[in-house]
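This briefing covers a predicted model. The points below are grouped by topic and are to be read alongside the sequence and coordinates.

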Amino acid sequence: MRVLVSCANGSGTSLMLQRSAEKALKELGFTITSIHHTSISEGKSTARNYDVVFTPLNFVNMFDQAVKQGVTVIGVQNVMSAKEVKEKVEQSELMSKK
């Protein structure tokens with residue numbers, strides 16, 4: 001699975017969310033082939049190359065084009081919570097792509 005984590009500047013928040021997403025996905029049995037964190041501007045243009053995008057809730061609508069191309073986009077309130085990420089993944093169509 002190719003994972004993209006995107007936040008405003010692509011540094012602190014996305015790195016924390018990357019760690020949470022990686023932990024949650026591994027707990028759910030997903031195999032991660034690549035995981036990358038980036039800014040929203042870069043993320044919007046490269047999202048189509050990934051299976052899933054994790055981003056803070058307030059940026060989810062920035063990835064509408066990726067959703068149209070079949071990418072799963074998951075918005076997270078607490079970027080440090082692997083538990084929240086895991087719950088969101090469990091509620092998403094990503095579980096059928098395992």
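Helix α1 is followed by G29, whose phi is positive, near 90°. The helix itself covers residues 12-27, and its buried residues pack against strands β1, β2, β3 and β4 and against helix α4. The four strands belong to an open sheet with the order β2-β1-β3-β4 and parallel pairing. As this is a predicted model, every value here is computed from predicted coordinates.

**Helix α1**

- The 16 residues of α1 should span 22 Å at 1.5 Å a residue, and the C-alpha atoms at its ends lie 23 Å apart, which agrees.
- Buried positions in α1 are S14, L17, Q18, S20, A21, A24 and L25.
- The partners of these buried residues are β1 (2-7), β2 (34-39), β3 (52-56), β4 (72-76) and α4 (82-90).
- Together with β1 and β2, α1 makes a right-handed β-α-β unit.

**The sheet**

- The sheet is open, has 4 strands and pairs them in parallel, in the order β2-β1-β3-β4.
- β2 and β4 stand at the edges with a single partner strand each, so one side of each has no neighbour in the sheet.
- From one strand to the next, the twist averages 20°.
- β1 and β2 run parallel and are joined by 6 bridges; within this pair, R2 stands opposite S34 of β2.
- β1 also pairs with β3, again in the parallel sense, over 3 bridges.
- Across that pairing, V3 has V52 of β3 as its bridge partner, and V5 has F54 of β3.
- β3 and β4 run parallel and are joined by 5 bridges; here P56 is bridged to V76 in β4.

**Burial in the strands**

- β1 is mostly covered, with 5 of its 6 residues buried.
- In β3, 5 of its 5 residues are buried.
- In a regular strand, side chains alternate between the two faces of the sheet.
- V52, F54 and P56 point one way from β3, V53 and T55 point the other way, and all are buried.

- Is T72 buried or exposed? Its relative accessible area is 1%, under the 20% cut-off, so T72 is buried.
- Leaving out residues up to four places away in sequence, T72 touches D51, V52, V53, S92, E93, L94 and K97.
- Among these contacts of T72 are V52 and V53, which point opposite ways from β3.

**Helix α4**

- α4 lies across β3 and β4 and runs at about 145° to β4.
- Its buried residues are A82, E84, V85 and V89.
- Seen down the axis of α4, these buried residues fall within an arc of 160°, so they line one face of the helix.
- They pack against α1, β3 and β4.

**V79 in the loop between β4 and α4**

- V79 is placed in the loop that lies between β4 and α4.
- Its relative accessibility is 11%, so V79 counts as buried under the 20% limit.
- Which residues does V79 contact, leaving aside neighbours within four places in sequence? They are T13, M16, L17, S20 and P56.
- V79 and R48 are 31 residues apart along the chain, and their C-alpha atoms are separated by 22 Å.

Technical notes. Residues numbered from 1 in each chain as written. Predicted model: local features only at pLDDT ≥ 70, side-chain atom pairs only at ≥ 80, totals over all residues. Heavy atoms only, no water. Helix = DSSP H or I, 4+ residues; strand = E, 2+ residues; numbered from the N terminus. Expected span 1.5 Å × (residues − 1). Buried < 20%, exposed > 50% of the residue type's maximum accessible area, 1.4 Å probe, protein only. Contact = heavy atoms within 4.5 Å. Pairing = 2+ DSSP bridges. Right-handed = clockwise from strand over helix to strand, strands pointing away. Axes fitted to C-alpha atoms, helices over the stretch in contact; angles between N-to-C directions. Arc of directions from axis to C-beta.
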